[in-house]
Amino acid sequence: MTIQTSTEASEAYIALGANLGDREATLKEAISLLDEHPGITVLRCSNMYETDPVGYADQPDFVNMAIALQTTLAPEALLDVMLQTEQVLGRERIIRWGPRTVDLDLLWVEGHQLSTAHLILPHPRMFERAFVLVPLADIVPTGEASGLYRRVHDVLEQMDDKGGVRFWKACNWVSASVRSGS
Ligand SMILES: Nc1ncnc2c1ncn2[C@@H]1O[C@H](COP(=O)(O)OP(=O)(O)OP(=O)(O)O)[C@@H](O)[C@H]1O
Ligand SMILES: Nc1nc2c(c(=O)[nH]1)N=C(CO)CN2
């Protein structure tokens, strides 16, 4: 697939999940790899939540979280970077909704609604999943113009069962550029 870039930066949200290996280390490594890409700046990280597996029950609990980023990449190019990051971190696709070292789902990109063979935006299952919405609610700014904040909070308020999502840890990931002071 060709990597396209667009000139204007857009805000985007990614959901992350892991239920194999050192879940916290893998999630932080995924965030660092994304942030190291020249077209991506990670802006905010949610808390980390431990969550009951949904869809395929016979697997370990997940750790789920979400990040907000600024990107100059077109959505398809951003998805390519995410898929490459999953590969670098050892993601294998064996069972649908089955165990994984890391899973990156592109939830929402400012100003983009689309449906192609490779990419659907907003993510088609994001508003059904407490393991996505609870972390996302941590990082969508209150006054956010697109209405995403209102929608996330409205769906969460009406969701009957958020029981499988438990606060686990604050995410203390810090960007390498902040660490080095550049
Ligand atoms: N918004 C999106 N974010 C991530 N992948 C997407 C999106 N829309 C379509 N896809 C496609 O879905 C494919 C399968 O993704 P993946 O194997 O991570 O699914 P999953 O995480 O197991 O299940 P789910 O899609 O229900 O979260 C990807 O290769 C990608 O082309
Ligand atoms: N708790 C939890 N369950 C899942 C998850 C996930 O990230 N967390 N991801 C899935 C496929 O995207 C299927 N089921």
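Residues are classed here with Ala, Val, Leu, Ile, Met, Phe, Trp, Tyr, Cys and Pro as nonpolar, Asp, Glu, Lys and Arg as charged, and the others, Gly among them, as polar. The structure is a predicted model. On this classification, the lining of the largest pocket comprises 20 nonpolar, nine polar and 12 charged residues.

The volume of the largest pocket is about 850 Å³. Its lining is made up of 41 residues, of which W97, R100, D103, D105 and H123 lie closest to the pocket centre. At least two lining residues come from each of the strands β1 (5–18), β4 (62–73) and β5 (103–109) and from each of the helices α2 (75–88) and α3 (130–139).

For the second largest pocket, the computed volume is about 180 Å³. Here 14 residues form the lining, and V54, A130, D161, G164 and V165 are the closest to the centre. Six of the lining residues of the second largest pocket are nonpolar, three are polar and five are charged.

The largest nonpolar core contains 31 residues, and within it the most contacts are made by I14, L16, L27, M65, I67, L78 and L106. Two or more residues of this core are contributed by each of β1, α1 (23–36), β2 (40–45), β4, α2 and β5. With neighbours within four places in sequence set aside, L16 contacts L27, A30, I31, V63, N64, M65, A66, I67, D103 and L104.

Technical notes. Residues numbered from 1 in each chain as written. Chains lettered and ligands numbered in written order. Predicted model: local features only at pLDDT ≥ 70, side-chain atom pairs only at ≥ 80, totals over all residues. Heavy atoms only, no water. 1 Å grid on protein atoms, 1.4 Å probe; cavity = no way out; pocket = protein on both sides within 12 Å on 5 of 7 lines; lining within 4 Å. Points joined across faces, edges and corners; volume = space filled by probe spheres on them. Helix = DSSP H or I, 4+ residues; strand = E, 2+ residues; numbered from the N terminus. Core = buried A, V, L, I, M, F, W, Y, C linked by side-chain atoms within 4.5 Å. Buried < 20%, exposed > 50% of the residue type's maximum accessible area, 1.4 Å probe, protein only. Contact = heavy atoms within 4.5 Å.
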